Amino acid sequence: MRRVALVTLVVDDYDEAIRFYTEALGFRLVEDAPRPDGSRWVVVEAGAPGPDGAGSAAGLLLARAKGGTQRARIGDQTGGRVGFFLHTDDFAGDHARMRAAGVTFVEEPRHEPYGTVAVFQDLYGNRWDLLQPAG
């Protein structure tokens, strides 16, 4: 079996990013390990662990920016487009919980042929879809 395992998300601060993704978005912290160069290997996942303990969805590698070029990409990794898609089977519940946790939604929920969706921003401004697929 092959699957995308991790996607790197450049962040400003590890602990700030961990708090946002675990507390506001409800992800789980999978790994937080120091590296010899002083950085950390930080992985969060939205999905529940599978029967073997591994996650069933791609994880996010939260990577602290190094240097000016990487810092300039924080919050704009996809040029202003929605670059990340968080699927749910309880749109109303997740939307309400996320709003209560301070997540910024940039539009009201809408119903599309492919499902119920609303765009939100992470703590750095990256755009995400909260999406409950149709049917």
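**Exercise 1. Lys66 and its partner**

Decide whether Lys66 is buried, partly exposed or exposed, then find which side chain meets Lys66 in a salt bridge.

*Solution.* Start with the surface. Lys66 has a relative accessibility of 48%, so Lys66 counts as partly exposed. Keep in mind as you work that this is a predicted model.

Next, look for the partner. The side chain of Lys66 forms a salt bridge with that of Asp37, at 3.0 Å from N to O. Now place both ends on the chain: Asp37 sits in the loop between strand 2 (28-34) and strand 3 (40-45), while Lys66 sits in the loop between strand 4 (59-64) and helix 2 (67-73). The two residues are 29 apart, and the pair links distant parts of the chain.

**Exercise 2. Strand 4 and its neighbours**

Find the sense, parallel or antiparallel, in which strand 4 pairs with strand 1 and with strand 3.

*Solution.* Strand 1 runs parallel to strand 4, with 6 bridges between them. You can check this pairing at Val7, which stands opposite Leu60 in strand 4.

Now go to strand 3. Strand 3 and strand 4 are antiparallel, with 3 bridges.

**Exercise 3. Aromatic rings**

Determine how the rings of Phe120 and Trp128 are arranged, and which residues form the aromatic cluster that includes them.

*Solution.* Count the pairs to begin with: the structure holds 7 aromatic pairs. In the pair of Phe120 and Trp128, the ring centres lie 5.7 Å apart and the planes meet at 20 degrees, so this pair is stacked. The cut-off for stacking is planes under 30 degrees apart.

Check burial next. Phe120 is buried, because its relative accessibility is 0%. Trp128 has a relative accessible area of 3%, so Trp128 is buried.

Then widen the view: Phe120 and Trp128 belong to one aromatic cluster with Phe20, Tyr21, Phe27, Phe84 and Phe105.

**Exercise 4. The largest pocket**

Describe the largest pocket: what is its volume, and which strand gives the most to its lining?

*Solution.* The volume of the largest pocket is about 280 Å³. Its lining has 17 residues, and those closest to the centre are Phe27, Ala58, Leu60, Phe85 and Trp128.

Sort the lining by element. Strand 3, strand 4 and strand 5 (82-87) each supply at least two residues. Strand 5 gives the most, with 5 residues.

Finish with the classes: 12 lining residues are nonpolar, 4 are polar and 1 is charged.

Key:
Residues are numbered from 1 along each chain as its sequence is written. This is a predicted model: local features need pLDDT of at least 70, side-chain atom pairs count only at pLDDT 80 or more; totals for chains, interfaces and linings use all residues. Side-chain values use heavy atoms; hydrogens and water are left out. Rings of Phe, Tyr and Trp (its six-membered ring) pair if their centres lie within 6.5 Å; planes under 30 degrees apart count as stacked, over 60 as edge-to-face and the rest as tilted. Buried means under 20% relative accessible area, exposed over 50%, partly exposed in between (1.4 Å probe, protein chains only). A salt bridge is a side-chain nitrogen of Lys or Arg within 4 Å of a carboxyl oxygen of Asp or Glu. Helices (H or I, at least four residues) and strands (E, at least two) are DSSP runs, numbered from the N terminus. Two strands pair if DSSP finds at least two bridges between them. On a 1 Å grid over the protein atoms alone, a cavity is a set of points where a 1.4 Å probe fits but cannot get out, and a pocket is an open set with protein on both sides within 12 Å along at least five of seven lines; lining residues have an atom within 4 Å of a point. Grid points are joined across faces, edges and corners, and a volume is the space filled by probe spheres set on the points. Ala, Val, Leu, Ile, Met, Phe, Trp, Tyr, Cys and Pro count as nonpolar, Asp, Glu, Lys and Arg as charged, and the others, Gly among them, as polar.
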